[in-house]
Every structure is written in C-alpha cells, then in structure tokens.
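Q: Could you show me how to read the main features of a protein model, one feature at a time? I would like the general idea before each case.

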Amino acid sequence: MGVSNNITAVLNFVGLLCSVPIIGAGIWLASKQDNECVQLARWPIIILGVLILLVSLAGFVGAYWNRQGLLAAYLFCMAVLIVLLLIFLVFAFVVTRPDGSYPVPGRAYSEYRLSGFSSWLRDHVTDSDHWDQIRSCLSASDVCQKLGHDQPYLTADQYFQTHLSPLQSGCCKPPTVCGYAYVNPTVWINPSNAMADTDCSIWSNEQSQLCYACTSCKAGLLGNLRQEWRKANIVLIVTAVALIWVYIIGCSAFKNAQTEELFRRYKQGFA
C-alpha cells in the first residue's frame, strides 16, 4: 500500500469517527421528551450519520486494499453526504433563528409567543393535523407531573425564581398575564384577569389537561425544539468542518495515489 493510500486510509478512519457525533446528536434528540412526541428531525440525522459511517468504512477498505474504483465511489458519495449535511444545517439554522420568547417581570423563566417562531415550525408541528396527537403524547408524559412531584413544596416566590424549560413554561402553568394565584407548580386558582388571553379560560387544574390545549403550550414546545436543535447544530457544524477538511485532503491523496500507480506501471514497462 502506497504512502498516499496510507494517508487516505487514515483519513477515512477519521471520517468514520466523525460519524459518531452525528449519530450521537440524532440519538440525543430522539431521547428528549418533546422529540418523542414530535419525531421531526431525529431520523434524518441518525440516517445521515450511519451513511457517513458506511461510506467512510468503504473508503477505508478501498484505500487499505488499493481498490481505486471503491475510492472513487467513496469520494463521490462522501461529497453528496457532506452537501446534504450542509443543507440540513442551513435549513435548521433558518427555521430555528426566530425566537418566540419574551421575559416576564419578576420571573426567572421566559414565556413564549407562537407567532415569534418560524412559519415552517408552526405549520409542521402545531397545525391541527399534528397537534391533537402531540397534545395527547405530552399529556401522557411526565413533563409537568415531574415538576410537581420533584418540587411540590415550593413557595410562590421560590417557584417564580425557578428556571423552567420552554415546555414547562408553556404547558404546565397558565400565562402570567391571567393573574392566577399560585398553589403549587401545577395548581393555580382565582385568575384576576381572565379575559387577558384566550389561554386563561383553557387552563385546567385537572392534571391530564393543565394547559396542553393552550397556544402557549404550542409555543413552549417550539421553544424546546429550537433550543435542542441549536445545541445539536453546534456538534453538526464542528463535524461538518472536520469532514470537509478530511474530504479535501482525501481528494489530494487520491490524486497522488493515482500518480503513484501510473509511475509504478511506467517503471514496470521499462523493467
């Protein structure tokens, strides 16, 4: 095996390692409670990571055993996969750029407006075709029950200084503007401004209902998805940069390997 093929084999092993954080990011997204209900982006990321792993493995085999056809196929497939990864990153950045959060005076947590998020997320997550199923899934989860069970004895002041997730802020309590009095994290009574928001009348102390039917719950879900996607994007961006460098060096090594092969045949012709 020539020097260039050695380099290509090492680079393909690095490319194989780069697939691990991509698959890991997909599994991490899939493990999140909101993604279990939405199932929006986890499979494309996992599938893309697995394909990069398989293509890198094929490139490693081609370099190690000097299979030029396999190396050429590797370079083509890897270029396609890198382009797909970049397209996904740009798309994820665009749809998660709008932030529907707004601060609430005297509260450590934020609340969320549905109109503040991208139209694509609203159309594909909170439309009537999807929301009924998502709402049932959230209601059956322990996202709010866990909050009540873990911190049942918080005073109102302690609760207001708790850092809630967007999903908990939107689904597990009524909007602050309604003026409900705090009893515990999932029980609120006597609204002083019940006409301030349509969600005020939707809130229920029934633990299977709470604010799962509220617009604020839809906004909180999108807020959660936005946070998780942007965290996953950091891993994917670093991995994409590494893959691009591996690919560029791999192309150069592949050309050098072809040159070495031509030179070897040239010398054999004169031997």
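A: Let us begin with surface patches, which are made of residues with over 30% relative accessible area and no salt bridge, where like charges are joined within 9 Å and nonpolar side chains (Val, Leu, Ile, Met, Phe, Trp, Tyr) within 5 Å. A salt bridge, in turn, is a side-chain nitrogen of Lys or Arg within 4 Å of a carboxyl oxygen of Asp or Glu, and accessible areas come from the Shrake-Rupley method with a 1.4 Å probe, with only the protein chains shown counting as cover for residues. Please keep in mind that this is a predicted model, in which local features need pLDDT of at least 70 and side-chain atom pairs count only at pLDDT 80 or more, while totals for chains, interfaces and linings use all residues. Residues are numbered from 1 along each chain as its sequence is written, and side-chain values use heavy atoms, with hydrogens and water left out.

Q: Which residues make the nonpolar surface patch here?

A: Ile7, Ile237, Val241, Trp245, Ile248 and Ile249 form a patch of about 570 Å². Helices (H or I, at least four residues) and strands (E, at least two) are DSSP runs, numbered from the N terminus, and helix α11 (residues 215–270) contributes the most to this patch, with five residues. Isoleucine 249 has its place in α11, and its relative accessibility of 40% makes it partly exposed, given that buried means under 20% relative accessible area, exposed over 50%, and partly exposed in between (1.4 Å probe, protein chains only).

Q: How many helices and strands are there, and what does the protein look like as a whole?

A: The secondary structure consists of eleven helices and four strands, and 44% of the 271 residues count as buried. The accessible surface comes to about 13,900 Å², and 63% of this belongs to carbon and sulfur atoms. Contact means heavy atoms within 4.5 Å; among the contacts with a separation of 6 or more, 69% are between residues 24 or more positions apart.

Q: Where does UniProt place the feature "transmembrane region"?

A: Such positions are given in the numbering used here, with shortened feature names, and the annotations may be inferred rather than shown by experiment. The unreviewed UniProt entry places the feature at residues 6–31, 43–65, 71–95 and 234–255. In the model, residues 43–65 are 96% helix and 0% strand, with end C-alpha atoms 33 Å apart, and residues 71–95 are 100% helix and 0% strand, with end C-alpha atoms 36 Å apart.

Q: How many salt bridges does the structure hold, and which residues form them?

A: There are two salt bridges. In one of them, lysine 173 meets glutamate 111 at 2.5 Å, N to O. This pair links distant parts of the chain, since lysine 173 is in the loop between α9 (166–171) and β3 (181–184) and glutamate 111 is in strand β2 (residues 110–112), 62 residues apart. Lysine 173 is buried at 1% relative accessibility, and glutamate 111 is buried at 6%. Arginine 135 also forms a salt bridge, with aspartate 132, their closest N and O atoms being 3.7 Å apart; both residues lie in helix α6 (residues 128–140), three residues apart, about one turn of the helix. Here arginine 135 is partly exposed at 31%, and aspartate 132 is partly exposed at 45%.

Q: What does arginine 135 touch beyond residues up to four places away in sequence?

A: Arginine 135 touches Tyr212 and Ala213. Its C-alpha atom is separated by 8.9 Å from that of cysteine 217, which is 82 residues away along the chain.

Q: How should I read a nonpolar core, and which residues touch the most other members of the largest one?

A: A nonpolar core is a set of buried Ala, Val, Leu, Ile, Met, Phe, Trp, Tyr and Cys residues joined through side-chain atoms within 4.5 Å. The largest has 36 residues, of which Val125, Ile134, Leu138, Tyr159, Tyr212 and Leu221 touch the most other members. Two or more residues each come from α2 (33–38), α5 (119–125), α6, α8 (156–160), α9 and α11, and α11 gives the most, with five. A second, separate core of 30 residues includes Cys18, Phe88, Trp229 and Ala232.

Q: Is asparagine 233 buried or exposed?

A: Asparagine 233, which lies in helix α11, is buried with a relative accessible area of 8%. Apart from its neighbours within four places in sequence, asparagine 233 contacts Leu89, Ala92, Phe93 and Thr96.
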